Amino acid sequence: MTRPNTPEARQEALRHRLDAGEALSLSALSREFGVSPDSIRRDLKALESQGLARCIRGGALPPQPLARATLDRLPEMDHAALTAAALPLIADGMVVFMDGGTTIAALAAALPRLPGALIVTPAPAVALATLRRGTPTHLIGGRLSPSGAIAVGSDSTRALSRIAADLALLGVCGIDPGFGLSAEDSDEAAVKRAMLDAAHRSALLSAAAKLGTRSRFHVAPCVALDILITDAPTEATPAYTDLGMEIRHA
């Protein structure tokens, strides 16, 4: 039986090769599938947009491994300065979105008891921390992302869109004045975007090393973000101030 030669079928075959660690050659694939190099290039670009390939000149490589999963890094990270700077933003009676990551998990553990507030999070680690503090907590369900340890997928983003929040507190994979806020995982980027869309205000907690960096998937431009909390020196943040962000130095 002749195998189908549609873009979907080719991309599925290429994905399996990338998953096995194989490097892909544009010219060799063009000959193998009997299509133009431009067709193969479009296939590879489609896989790259899903985080499944890393396009290079003449072909593609498997994606670079992501940073170690959030759960592996939780015990060794010190975010005391960032969390202390973020705490004044949170008051009893508020509805607050909190996403995942080590910084937000540390903030959740540092929160006082807020019996009149509601914490909404897709991260089980965050939910357990706020529940332990005696704060009402709503855990968003869905498939757990292995990198960020948060619930992702259409059910998660739909649930977030139905909640009106006063504040969205987000961790940062990358934030660049030109590219905006970004994430390493496309599904996690969608969750961050849903939180921003449903919240009245947003605050990002970012280590200095994340400023000026771009992760794979765009979340939102800087002009759509409100507050940046960072331990970076003052000389590292004027570009963000120029875009309308309020800067709080930890």
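1. Strand S5 (residues 118-121) pairs with S6 in the parallel sense over 3 bridges, where strands are DSSP runs of E of at least two residues, helices are runs of H or I of at least four, both numbered from the N terminus, and two strands pair if DSSP finds at least two bridges between them. Within this pairing, Thr 121 has Leu 139 of S6 as its bridge partner. Helix H7 (residues 124-132) packs on the sheet and touches S4, S5 and S6, contact meaning heavy atoms within 4.5 Å; the direction of H7 makes about 160° with that of S6, axes being lines fitted to C-alpha atoms (for helices over the stretch in contact) and angles running from 0 to 180 degrees between N-to-C directions.

2. The model is predicted, with local features requiring pLDDT of at least 70 and side-chain atom pairs pLDDT 80 or more, while totals for chains, interfaces and linings use all residues. Residues are numbered from 1 along each chain as its sequence is written, and side-chain values use heavy atoms, leaving out hydrogens and water.

3. The open sheet comprises 7 strands in the order S6-S5-S4-S9-S12-S14-S15, with parallel pairing. Strands S6 (137-139) and S15 (246-249) stand at the edges with a single partner strand each, so one side of each is left without a neighbour in the sheet.

4. Leu 61 is found in strand S3 (residues 59-61) and is partly exposed, at 25% relative accessible area (buried is under 20%, exposed over 50%, partly exposed in between; 1.4 Å probe, protein chains only). Leu 61 and Ala 23 lie 38 residues apart in sequence and 4.8 Å apart in space, C-alpha to C-alpha.
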